[in-house]
Amino acid sequence: MTGSPNQDAPTTKWFMLAIVSLGFVTMSANWFNVSTGFGPIAREFGLDIPDVAFLISIFVFAYGLLHIPGGFLATRWGLRPILALGLGIEGIGSMLSAAAGSFAQLASFRALCGVGASVFAAVGIAAVSVWFRHRHHALALGVSSAGFSVGTAVGLYLWADLTAATSWRTSLLLGGALQLAVAVITAIGYRVPGGLDALRGARLTRQGLRHTLGNRDIWLFGCGFLGAYGAYLGASQLIAGYGEHRGFGATEVAVAAFLVGIAGVPGSVLSGWVADRYLSPRVLFLVGAVLEGVFLLVLPVSGPGTFWIPALGIGFMFNGTFAIWQTIPGGLARIAPEHIGTAVGLMLTISAVGGFAVPWAFGLIVPAGGYPAGWLFMGVTSILAALASLLAGRPPAGTPTPARLGRARR
């Protein structure tokens, strides 16, 4: 297959990046905003907060189900309709959650939200990669990851004010409506690069699927990220409750909750910029995942005046690592453009094992060993899993690397 985004106007790819990034903002906002209603939800349905935290795991469980099928759909029917479909499903799920009459219904609708996010996430990463594979690849994925971080901060911090001013039902309803509007914008505004006709829909072939689903580097980086991935999903939604448990003031808790989300904006963009110019994705991935683990280990020893520091570090390092991790299918693993969504879907599915298991295990560890033991588990898991990336293959001799290209440009 031939063609490249160079056939389009230079500004077109940045407009496409803006559309997909807006989708990531609403996707993550409707992922995390439910946690701002954990208290009222627990009181309404007669549950304890740890029980309500099951809503985190059920979303992530469903989120891990359709990454690969979503990639198949994008290959068969094209990127644009599947991007809009994923956003629309999550938006509808959020609006249905607002009308839940029981906790079982709420959990079911949160699972539906996870299904929609599952479809959009893998296809959204591919929708950026196909425009930037030849230049600014890591930076562009860093920008879309920043959209995820902005949405996380909005869902965890700004949505708390909305929930407090209205109700958890109203806040979820508004979040879903906003996402449906973005789904419409995506359906109208996104398109694929000129010359890449297969991205509008192509036949699934056994050879293409074998190369994608059997790619060794895809599996290694998927496994390498499951610790950092699961630890962040748990920490970002539980850090506020942990601060309250330790008796920290409302301001310290709010700042930490905000920073763990918003720190990903500079983290992902800076990591992408560095990867495009100076260091290999493999090195940056390993460093980021290990440092995220270190900040998780530091969290229990922080005081009210320093609680924001590990929160900042966790958000910064996770999102920087996530931005680099997304470049693997279109870069190191050299997956064909029409199969990038499936490859990303496989990586996300593997990582989603950690997204479900790590917060769940944390919930089992804390009652028995206390919060320090739980954070120790998360930190060590992030570090040990990342070591799998050391087994990933290196590019063939003579293949240009970001570092070499950066030196050549200078």
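## Handedness and packing of H6 and H7

H6 and H7 cross in a left-handed manner; that is, the near helix is turned anticlockwise from the far one by less than a right angle, whereas clockwise would be right-handed. Helices here are DSSP runs (H or I, at least four residues), numbered from the N terminus. H6 covers residues 79-97 and H7 covers residues 103-132. Their axes lie 7 Å apart, at an angle of about 155 degrees. H6 is therefore roughly antiparallel to H7, a label for angles over 145 degrees. Axes are lines fitted to C-alpha atoms over the stretch in contact, and angles run from 0 to 180 degrees between N-to-C directions.

The contact of H6 with H7 involves 17 nonpolar, six polar and two charged residues. Nonpolar means Ala, Val, Leu, Ile, Met, Phe, Trp, Tyr, Cys and Pro; charged means Asp, Glu, Lys and Arg; the others, Gly among them, are polar.

## Basis of the model

This is a predicted model: local features need pLDDT of at least 70, side-chain atom pairs count only at pLDDT 80 or more, and totals for chains, interfaces and linings use all residues. Numbering starts from 1 along each chain as its sequence is written, and side-chain values use heavy atoms, with hydrogens and water left out.

## Nonpolar cores

The largest nonpolar core has 88 residues. A core joins buried Ala, Val, Leu, Ile, Met, Phe, Trp, Tyr and Cys residues through side-chain atoms within 4.5 Å. Met27, Trp31, Tyr63, Leu79, Tyr190 and Leu348 touch the most other members. H7 gives the most to this core, with 14 residues.

Leu348 contacts (heavy atoms within 4.5 Å) Tyr63, His67, Ala121, Ala122, Ile125, Tyr229, Phe322 and Trp325, leaving aside neighbours within four places in sequence. A second, separate core holds 16 residues, including Ile41, Phe45, Leu55 and Leu172.

## A covered helix: H4

H4 spans residues 54-63 and is mostly covered, with eight of its 10 residues buried (under 20% relative accessible area). Leu55, Ile56, Ser57, Ile58, Phe59, Val60, Ala62 and Tyr63 are the buried ones.

Ser97 sits in H6. Its relative accessible area is 0%, so Ser97 is buried. Beyond residues up to four places away in sequence, Ser97 touches Leu106, Phe109, Arg110, Cys113, Trp168, Arg169 and Leu172.

Ser171 belongs to helix H9, residues 168-189. Ser171 counts as buried because its relative accessibility is 1%. Neighbours within four places in sequence aside, Ser171 is in contact with Asn33, Trp159, Leu162, Thr163 and Thr166.

Terms used:
Helices (H or I, at least four residues) and strands (E, at least two) are DSSP runs, numbered from the N terminus. Angles under 35 degrees count as roughly parallel, over 145 as roughly antiparallel, 65 to 115 as roughly perpendicular and the rest as oblique. Buried means under 20% relative accessible area, exposed over 50%, partly exposed in between (1.4 Å probe, protein chains only).
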